Amino acid sequence: MPTFEASTVLPFGRITPKGTHLLAVGLGWDKSVLIVSRSSEEPLRHVHKNGVSSPKTQHDKPTDLHVTHWSRGQKRQMVCAGQRVIPHHIQPLRDGVLLASSRCRWRKEGAEHNALICSWSGEVLRTLTLGDGIAQLKTTPDDMIWASFFDEGVFGNYGWGDPGPEPVS
């Protein structure tokens, strides 16, 4: 019969900076653990007039995103200030991190940018659209991005497929 040994990997007594709220935890290809939290207390769901709620794709007001990265016993932190993206995913990159929302709307102006790449100094290096319905997101040592999608990303929602372009097929 297999046996397992438990050990403390991270000091989870307080995993987010004081005054912030946890958004996502990611495990990197480099065996690192990344955490993103936000300074905003804004609700993450939109409640419609009929009482049905749906996840927001972006913050209503810009908020600071706090990133903590644990690797080989070392802790590194940074703030990516004034962002609207609501990250559900965080992954390491060679020179920073990839933050991405699972959800993304198509509007007549085009697709929302639901991902951003931040340097370790907190500078936004790039914003991009990864699409709607991201279930899993991973990066590789050479900064390749891999994404899998749940049903909304495959069949369409939030404007994808009608009137926007067809979703992932």
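Among contacts between residues at least 6 apart in sequence, 45% join residues at least 24 apart. Keep in mind as you look around that this is a predicted model.

Let's start with the overall picture. The chain has 1 helix and 14 strands. Of its 169 residues, 44% are buried. The accessible surface comes to about 10000 Å², and carbon and sulfur atoms account for 54% of that area.

Now look inside. The largest nonpolar core has 16 residues. Those with the most contacts inside this core are Val-36, Val-67, Met-78, Ile-90, Val-97, Leu-99 and Cys-118. Several strands give two or more residues to the core, among them strand 1 (21–27), strand 2 (33–38) and strand 5 (58–71).

Not counting residues up to four places away in sequence, Val-67 touches Ile-35, Val-36, Arg-76, Gln-77, Met-78, Ile-90, Val-97, Leu-99 and Trp-120. There is also a second, separate core of 8 residues, which includes Leu-93, Leu-98, Ile-117 and Ile-134.

| Residue | Strand | Relative accessibility | C-alpha separation |
|---|---|---|---|
| Leu-22 | strand 1 | 45% | 4.2 Å to Ser-37 |
| Leu-93 | strand 7 | 11% | 10.0 Å to Trp-120 |

Is Leu-93 buried or exposed? Leu-93 is buried, because its relative accessible area is 11% and the cut-off for buried is under 20%.

Leu-22 and Ser-37 are 15 residues apart along the chain. Leaving aside neighbours within four places in sequence, Leu-22 is in contact with Ile-15, Thr-16, Ile-35, Val-36 and Ser-37. Of these, Val-36 is one you have already met in the largest nonpolar core.

Leu-93 lies in strand 7, which covers residues 89–93. Leu-93 and Trp-120 are 27 residues apart along the chain. With neighbours within four places again left aside, Leu-93 is in contact with Leu-98, Ile-117, Thr-139 and Asp-143. Leu-98 and Ile-117 belong, like Leu-93, to the second core.

Key
Residues numbered from 1 in each chain as written. Predicted model: local features only at pLDDT ≥ 70, side-chain atom pairs only at ≥ 80, totals over all residues. Heavy atoms only, no water. Helix = DSSP H or I, 4+ residues; strand = E, 2+ residues; numbered from the N terminus. Buried < 20%, exposed > 50% of the residue type's maximum accessible area, 1.4 Å probe, protein only. Contact = heavy atoms within 4.5 Å. Areas by Shrake-Rupley, 256 points an atom, 1.4 Å probe, with all protein chains shown as cover. Core = buried A, V, L, I, M, F, W, Y, C linked by side-chain atoms within 4.5 Å.
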